[in-house]
Structures are given as C-alpha cells and as structure tokens.
Amino acid sequence: MMAASVEDLPLCRRKLFDAVMSTFVVGNTRSVVLALPASARARGRGAVLYAASGDCRNALETVGAWADEVGAVDVTLNDGNVVVVARNVLLLRLLRRGDVEGSAVSRIWCDAWLDKRAAAALDRELEAVVA
C-alpha cells in the first residue's frame, strides 16, 4: 500500500524526501576498501576512523576485507549530520542481530517502502535504542 502523500509516511521515511536529504543518493557509488597499513598487519589488529562517514558501506567493506588478514578491526564512525549517525547506528545494530536477515537491513538502508518484516525489525531496534 502506498502512502497518499509524503506527510502520511512515518518520520524516519519522510527524511528521504526532505530538501536536505534530496542530494544524498544511496547506492550511487561503489564502496571503497581502505588499504591495510603494514603496522596493523604486524599487530594483528586494524583500526580506522571515518570522521565524515556518510553511510557505513565503506566501513563495512573495509572490515570485511581486513578481518581475514588481521582478525580484529576497530571502526569509529562519525558524521556532522545526526540523521546519518542515527541511521548508521541502527543499521549496524540490526546487522549484528541473528534474527534479522541481511535483505531486510538492505531494504531499511535504501528503500522508501518497507515490507512488514523489515518494518517490524526496525521498530524493535528503535524501541531497544530509545528504551
């Protein structure tokens, strides 16, 4: 069922249509894996800071690539836009849960319309964060 207007959408979905977010296109670039420093390889532990992270796809790709070589990777994500930070926190929390499918997280990440399972997963995680 489609909403009759943007105002009928929940607040978290309306952000996709507001003037500020209209310039942010999700999925318009491929993620980039950072090069693993030799010092991290020697220590057996990597660390990376994304001071203006945007979405977390680059961090996820980097962790996936480095994990096989160093095992542990510490990642710090930050952004000047609190909406971006909140979205990243929710996505990462959902990804670490065993009861949420990756496809549901993907829909939450980039689709304006959520199916019931993805919406329920998002609702549960929001309640856990706010409670």
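The model is a prediction in which local features need pLDDT of at least 70 and side-chain atom pairs count only at pLDDT 80 or more, whereas totals for chains, interfaces and linings use all residues. Residues are numbered from 1 along each chain as its sequence is written, and side-chain values use heavy atoms, with hydrogens and water left out.

Arg124 forms a salt bridge with Asp99, their closest N and O atoms being 3.9 Å apart (a salt bridge is a side-chain nitrogen of Lys or Arg within 4 Å of a carboxyl oxygen of Asp or Glu). Because Arg124 lies in helix 6 and Asp99 in the loop between helix 4 and helix 5, this pair ties together parts that are 25 residues apart in sequence (helices are DSSP runs of H or I with at least four residues, strands runs of E with at least two, numbered from the N terminus). Asp99 is partly exposed at 49%.

A second salt bridge joins Arg93 and Glu125, at 2.5 Å from N to O. Arg93 belongs to helix 4 and Glu125 to helix 6, so the pair ties together parts 32 residues apart in sequence. Glu125 is buried, with a relative accessible area of 2%, while Arg93 is partly exposed at 25%. Arg93, Arg97, Asp99, Arg124 and Glu125 are linked in a network of salt bridges.

Note on methods:
Buried < 20%, exposed > 50% of the residue type's maximum accessible area, 1.4 Å probe, protein only.
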